[in-house]
Amino acid sequence: MINLTPIREILFAEDDDGFRSVVRNALILRGYGITAAKNGKEALSLFEANPNCWFALITDFNMPFMNGAELIQAIQAKGRSIKPTIVISALQAEDSPELAQLATSHGVYLLHKPFDFGELFAVLDYWSRPGNGEVDGLR
């Protein structure tokens, strides 16, 4: 049987090779397309090359060259946003003013390492449903 469901492409920025591979494989098995970057700077270049193709952004918060918050801000500075944006961090929001500010942004979700893939899938699956692109119900 041929699957005619359009692939939802996710831009994924994570500097840890092993963690990036595990998350990437889990998302592929869930049916998502993944373009992975090793840091925020590389992810921004991928975004700029094709700014209209991204269904979601998943980014580590603490990365070399450009952290997750800087990546989100750089995308927004271009007059764009990607919703949902999921920020993965070992830090709690109260540990970082930058992370706390992200936690209050519409369409930005924080997942704390280690996280349950069910939580990640719930956010992505929710935003995949027609009509949920501007609903603020999962934060």
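**Strands β3 and β4.** I began with the pairing of β3 (residues 56-60) and β4 in this predicted model. Four bridges join the two strands, and the sense is parallel.

**Strands β4 and β5.** Next I followed β4 (residues 85-89) to β5. These strands run parallel too, joined by five bridges. I86 is bridged to Y109 in β5.

**The whole sheet.** I then traced the strand order. It reads β2-β1-β3-β4-β5, five strands in an open sheet with parallel pairing. Which strands stand at the edges? I found β2 (33-37) and β5 there. Each has a single partner strand, so one side of each lacks a neighbour in the sheet. On average, neighbouring strands are turned by 20° against each other, direction ignored.

**Burial of β5.** Is β5 enclosed or open? I checked residues 108-112 and found four of the five buried. The strand is therefore largely enclosed by the rest of the structure.

**Helices across the sheet.** Helix α1 (residues 17-29) lies across β1 (9-13), β2, β3 and β4. Its direction is at about 165° to β2. Helix α5 (residues 117-128) lies across β1, β3, β4 and β5, at about 165° to β5.

**Helix α3.** I turned to residues 68-77. Here I noted G68, A69, L71, I72, A74 and I75 as buried. An α-helix has 3.6 residues a turn, so residues three or four places apart point the same way. What caps the N-terminal end of α3? I found N67, with a side-chain oxygen 2.9 Å from the backbone nitrogen of A69. After the helix comes G79, with a positive phi near 75°.

**Aromatic rings.** I counted five aromatic pairs. One of them, Y32 with F55, is stacked, at 6.0 Å centre to centre and 10° between the planes. The pair links distant parts of the chain, 23 residues apart. Y32 is in the loop between α1 and β2, and F55 is in the loop between α2 (40-49) and β3. Both Y32 and F55 are buried. I also found a cluster of F19, F115, F117 and F121, linked by ring pairs.

**Charges over rings.** Last, I checked charged side chains. The charged end of R8 sits over the ring of F55, 5.3 Å from its centre. K113 lies over the face of F19, 4.9 Å from the ring centre.

How values were computed. Residues are numbered from 1 along each chain as its sequence is written. This is a predicted model: local features need pLDDT of at least 70, side-chain atom pairs count only at pLDDT 80 or more; totals for chains, interfaces and linings use all residues. Side-chain values use heavy atoms; hydrogens and water are left out. Buried means under 20% relative accessible area, exposed over 50%, partly exposed in between (1.4 Å probe, protein chains only). Two strands pair if DSSP finds at least two bridges between them. Axes are lines fitted to C-alpha atoms, for helices over the stretch in contact, and angles run from 0 to 180 degrees between N-to-C directions. Contact means heavy atoms within 4.5 Å. A polar contact is a pair of N or O atoms within 3.5 Å; within protein, one must be able to donate a hydrogen and the other to accept it, and residues adjacent in sequence count only if both atoms are side-chain atoms. Rings of Phe, Tyr and Trp (its six-membered ring) pair if their centres lie within 6.5 Å; planes under 30 degrees apart count as stacked, over 60 as edge-to-face and the rest as tilted. A charge sits over a ring if NZ of Lys or CZ of Arg is within 6 Å of the ring centre and within 35 degrees of the ring normal.
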